[in-house]
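This report covers surface features and charged pairs. The sequence and structure come first.

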Amino acid sequence: MNAIDLIILNFEEIRRRSIKVWQAIPQQMLNWKPDENALTCAEMIRHILEGEFLYHQMLIGRGSKALTNLSNPFETKEFTTVEDDLTFALPFREDFLKYIKTISLSDLENIKIDRSDVGYVRTLGDMLLRIAYHESVHTGQLLDYMRTMGIDRPMIWD
């Protein structure tokens, strides 16, 4: 198994666990948030799915400038259910994973992604790990939301 295979496996395992968490949140609790400044459960799920699409565009365009004048399909899509959002996001997810499979090992170190607008320039490999971490952090936040709401949390450490 090479580095690209491991990166793909990591993305697949993170998403599998995220879906377990998302599907365990009762529909009537998707608009819950712990305080007025926080995202709701639904907003956080959408943020993760939309974020992956936006990160993919940044990787293709080698930086944040790729988002200039980008048509974002998530902007006009209202969140209704977890399943509906997962179905909507699936083609974008598949494109993202296909993109990763085209990356060479040397690309991981040699391609730079310019996010100087938010304070950094990183290698493609670093950015891929950051994207995966982003989803993991937010899934952890949702587990905390569930604890605070007093609802059962799924076992994600299988």
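Which residues form a nonpolar patch on the surface? Met 1, Leu 6 and Leu 9 do, with about 330 Å² of accessible area together.

## Basis of the model

The model is predicted: local features need pLDDT of at least 70, side-chain atom pairs count only at pLDDT 80 or more, and totals for chains, interfaces and linings use all residues. Residues are numbered from 1 along each chain as its sequence is written, and side-chain values use heavy atoms, with hydrogens and water left out.

## Nonpolar patch

Patches consist of residues with over 30% relative accessible area and no salt bridge; like charges are joined within 9 Å, and nonpolar side chains (Val, Leu, Ile, Met, Phe, Trp, Tyr) within 5 Å. Accessible areas come from the Shrake-Rupley method with a 1.4 Å probe, and for residues only the protein chains shown count as cover.

Met 1 is found in the segment before α1 (3-24). Helices (H or I, at least four residues) and strands (E, at least two) are DSSP runs, numbered from the N terminus. The relative accessible area of Met 1 is 72%, so Met 1 is exposed. The classes are buried (under 20% relative accessible area), exposed (over 50%) and partly exposed (in between), with a 1.4 Å probe and protein chains only.

Side chains of opposite charge can pair when their charged atoms come close. A salt bridge is counted when a side-chain nitrogen of Lys or Arg is within 4 Å of a carboxyl oxygen of Asp or Glu. The structure holds twelve salt bridges.

One of them joins the side chains of Arg 16 and Asp 158 at 2.8 Å, N to O. Because Arg 16 lies in helix α1 and Asp 158 in the segment after α5 (124-149), this pair ties together parts that are 142 residues apart in sequence. Arg 16 is partly exposed at 31% relative accessible area, while Asp 158 is exposed at 53%. Asp 158 also forms a salt bridge with Arg 17, with the closest N and O atoms 3.7 Å apart. Arg 17 counts as buried, at 18% relative accessibility.

Arg 93 and Glu 52 form a salt bridge whose closest N and O atoms are 2.5 Å apart. Arg 93 is in helix α3 (residues 82-101) and Glu 52 in helix α2 (residues 41-60), 41 residues apart. Both Arg 93 and Glu 52 are buried.

Elsewhere, salt bridges that share partners join Glu 13, Arg 16, Arg 17, Lys 20 and Asp 158 into one network.
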